[in-house]
Amino acid sequence: MFTPEQLFIYNFEKLIRCHDNPTLENLFEAVGPLRRLLLDHPSITSLANRRAQLKFRFTIYSDPTMRINYDPKIHPSIPEIIKTMTLAEFLRHPLMQFSGTDITVKTAINYVRDYAGLEHKNEPDSDTLRAAQNVNWIGLGGMPAILYCLKGAVSLTLQGYEPLYRKLKGH
């Protein structure tokens with residue numbers, strides 16, 4: 001079997017490939033590694049981080065007028081609207097808002113996994129998940145809005161977990 005460290009590296013490198021080539025298919029497939037690295041309990045990341053005990057920080061540039069959040073390495077920003085968050089704050093932070101409902105990193109991952117058909121094709125059972133479904137009528141960057149949001153989540157996850165990746169790879 002693989003160690004948690006090997007599984008972390010494998011999933012992290014899968015996200016790197018998705019980040020480098022953010023096609024619809026790659027973003028759809030990024031949900032698995034995002035779930036394993038961010039949401040599973042215990043997550044691969046927490047298991048791989050047992051020795052290093054690193055504190056992860058996610059830095060987000062937030063555009064309050066559009067309620068969309070970006071990786072500051074991709075989008076220029078001004079210092080007043082850059083936020084640094086813990087993992088728990090990152091998972092609760094809205095990637096975007098639709099009809100007054102925040103669509104968080106966690107919501108986007110769960111929607112694509114359970115409702116958009118990656119693992120299941122269920123009907124959304126909450127207002128938040130229905131908002132995630134309805135936002136797909138809006139295209140952003142030539143793709144459904146939920147996948148466009150996941151593009152940012154991939155980038156932010158790579159940025160937040162890069163210190164562990166570098167440590168495990170021996171850089």
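Is Asn49 buried or exposed? Asn49 counts as buried, because its relative accessibility is 7% and the cut-off for buried is under 20%. The model is predicted.

## Around Asn49

Asn49 sits in the loop between α4 (44-48) and β1 (58-63). Setting aside residues up to four places away in sequence, Asn49 touches Leu54, Phe56 and Leu164.

## The Phe56–Tyr161 pair

Phe56, one of the residues that Asn49 touches, also takes part in a ring pair with Tyr161. A pair of aromatic rings is described by the distance of the centres and the angle of the planes. The count of aromatic pairs comes to 6. In the pair of Phe56 and Tyr161, the ring centres are 4.6 Å apart and the planes stand at 75°, so the pair is edge-to-face. Phe56 belongs to the loop between α4 and β1, and Tyr161 to helix α8 (residues 145-169), so the pair ties together parts that are 105 residues apart in sequence. Both residues are buried.

One aromatic cluster takes in Phe56 and Tyr161 along with Phe8, Phe12, Phe58, Phe90 and Tyr165.

## The nonpolar core

The largest nonpolar core has 39 residues. Phe8, Leu38, Val105, Leu150 and Tyr161 have the most contacts inside it. Elements that each supply at least two residues of this core include α1 (4-20), α3 (31-39), α5 (87-92) and α6 (105-114). The largest share, 12 residues, comes from α8.

Leu38 shows some of the partners involved. Beyond its neighbours within four places in sequence, Leu38 is in contact with Leu87, Phe90, Leu91, Val105, Ile109, Thr157 and Tyr161. Among them, Phe90 and Tyr161 also belong to the aromatic cluster.

Methods. Residues are numbered from 1 along each chain as its sequence is written. This is a predicted model: local features need pLDDT of at least 70, side-chain atom pairs count only at pLDDT 80 or more; totals for chains, interfaces and linings use all residues. Side-chain values use heavy atoms; hydrogens and water are left out. Helices (H or I, at least four residues) and strands (E, at least two) are DSSP runs, numbered from the N terminus. Buried means under 20% relative accessible area, exposed over 50%, partly exposed in between (1.4 Å probe, protein chains only). Contact means heavy atoms within 4.5 Å. Rings of Phe, Tyr and Trp (its six-membered ring) pair if their centres lie within 6.5 Å; planes under 30 degrees apart count as stacked, over 60 as edge-to-face and the rest as tilted. A nonpolar core is a set of buried Ala, Val, Leu, Ile, Met, Phe, Trp, Tyr and Cys residues joined through side-chain atoms within 4.5 Å.
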